[in-house]
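Look at the structure below.

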Amino acid sequence: MHTSIIKRLSNTNPGTNFTFPRLSLVKRILAVSIACITEAFAQAPDALPANVNALVQTYCITCHGERSAEAKLSIEALNSDHVVADAGSWEKVLRQMRARTMPPVGSKRPDQAAYEAAISSLAAALDRGSPGRPQLGDTEIATRLAGLLWNGPPDQQLLDQAKRGKLKDSAELEKQVRRMLADPKSKALITGFFDSWLDLNRLDSVKPDPQAFPDFDEPLREALRRETELFVESQLRDDRDPIDLWSANYTYLNERLARHYGVPNVSGSEFRKVTISGTDRAGLLGQGSILTLTAHSEANSIVGTPTTSPAARGGWIRRHFLGVNPPPPAPNVPNPQKGIPLTKQSRSFPASPCMNCHRNFFPLGYGLENFGPLGQSRTTEGTDPVDASGAMVDGTAFNGAADLRRALLERSDVFRTTITEKLLAYSTKGQADMPTVRAVLRDAEPKNYRWSALIAGIVTK
């Protein structure tokens, strides 16, 4: 290539006398230039994109540099030439950016466009550097699908489709997913995955104060759990977008649970689908199971009075919607005062050692203050009116459950990533591979992220 360039240069100016030394110098210059260009084009495809580097240098290094590695993460120490070499750490950075949970409250923040561009660029770099996964055969797909949905072996119909090589056809595979979700054996997915993931198993250990809650009994405990299981089961069988778990305007009640919520005109022990008036109780955040298990914490016994826990409720939302763990408890935190509700105390906690971290997730719990420790609606706590106002880490304000839900749903992509990651990990009985998670979501997007499309992607990748 460089020889032809020299020839063209000579033809451009015929009067020029290229002596051997000058010609050799030109050759060397061109050779070096070409080598540099080649090197630039040969740069690792998973090198840290320039816009991501600019963002982390501006907004992250102060807390995550070599000298002050908050959460034991030093971005300066990570490999920026090959992000896949430190994929676990870069995925943590990507997770926090997607959830908008970093930088922390009060810190300078990028604008929306910078966030979106950095998220896209970093995800693409991690995906480009990820090794490809081997393609599964139809029998393997059938086995994984039956294991995920039924916790058992494939039935004859699924095996027949596998033998015909039909399961690599996405339309046929999604049809099989819908058929299998309609089968009673899909209850295994509810009890095996959702009960554990939503922490419903912890309801068994909740022991409300019998003096404060004399009406609480085992039938109510079972009804709280059954409501959520029936609700999730209906979402799967109706092949909804998973985000509807948080926004659906219906639930399942029997007389015992309806009386607990103050819902009229429901009689008998059988559960039935009930449309919810208003928006506070829409979706999971309005269900007594979640509200009960997230209201009770060790602090209740210290306070000495029934109280909701903004830490427990806010932490649950961070983990289950945003896919981000709350910060670990700070050392030497003083015990809460007796006789004063936790939420009221938490609003006046000192900045150090409490609120510097807690204000990044406590306010999520404030948005559910219109629900008491067992999920009943309320307007007062003790003698004080309920204060359900708060703000997301990025400053998005809300007041009450409906506002909180709207703020969360602005981050729908975050939850879809969270639930896909958790389902993939459950399916493979290991840690989810995030490039695979993103590939599943890309394939499911044209199909409105229906459960059948997500599940089909999970068992084929």
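## Helix α6 and its neighbours

The buried residues of α6 pack against α3 (50-59), α5 (87-99) and α21 (434-444). Those buried residues are Y115, A118, I119, L122, A123, A125, L126 and D127. Buried means under 20% relative accessible area, exposed means over 50%, and partly exposed lies in between (1.4 Å probe, protein chains only). Contact means heavy atoms within 4.5 Å. An α-helix has 3.6 residues a turn, so residues three or four places apart point the same way.

The length of α6 can be checked. This helix covers residues 112-129, and at 1.5 Å a residue its 18 residues should span 26 Å. The end C-alpha atoms are 26 Å apart, which agrees. The expected span is 1.5 Å times one less than the number of residues.

## The model and the whole chain

This is a predicted model: local features need pLDDT of at least 70, side-chain atom pairs count only at pLDDT 80 or more, and totals for chains, interfaces and linings use all residues. Residues are numbered from 1 along each chain as its sequence is written, and side-chain values use heavy atoms, with hydrogens and water left out.

The chain has 22 helices and 6 strands. Helices (H or I, at least four residues) and strands (E, at least two) are DSSP runs, numbered from the N terminus. Of the 461 residues in the chain, 47% are buried. Take the contacts between residues at least 6 apart in sequence: 66% of them join residues at least 24 apart.

## Helix α7 and its two partners

Two packed helices are described by the angle between their axes and the distance between the axes. Axes are lines fitted to C-alpha atoms, for helices over the stretch in contact, and angles run from 0 to 180 degrees between N-to-C directions.

Start with α7 (residues 138-150) and α9 (residues 170-182). Their axes come within 10 Å and cross at roughly 30°. The two helices are therefore roughly parallel to each other. Angles under 35 degrees count as roughly parallel, over 145 as roughly antiparallel, 65 to 115 as roughly perpendicular and the rest as oblique. On the α7 side, I141, L145, A146, L149 and W150 make the contact; on the α9 side, L173, V177, R179, M180 and L181 do. By class, this contact has 9 nonpolar, no polar and 1 charged residues. Ala, Val, Leu, Ile, Met, Phe, Trp, Tyr, Cys and Pro count as nonpolar, Asp, Glu, Lys and Arg as charged, and the others, Gly among them, as polar.

Now turn to α22 (residues 451-460). α7 packs with α22 at about 125°, with their axes 9 Å apart. That makes α7 oblique to α22. Here I141, R144, L145, L148 and L149 of α7 meet I455, I458, V459 and T460 of α22. This contact has 7 nonpolar, 1 polar and 1 charged residues.

## Helix α20

Is α20 mostly covered or mostly uncovered? It is mostly covered: 12 of its 17 residues are buried. Among them are V414, F415, R416, E421 and L424. The helix covers residues 412-428 and should span 24 Å; its end C-alpha atoms are 25 Å apart, which agrees. K429 follows α20, and its phi is positive, near 55°.

## Two single residues

D195 is found in helix α10 (residues 187-197). This residue is buried, with a relative accessible area of 1%. Leaving aside neighbours within four places in sequence, D195 is in contact with I190, L200, N201, R225 and E229.

P219 lies in helix α11 (residues 218-237). P219 is partly exposed, with a relative accessible area of 48%. P219 and R256 are 37 residues apart along the chain, and their C-alpha atoms are separated by 7.8 Å.
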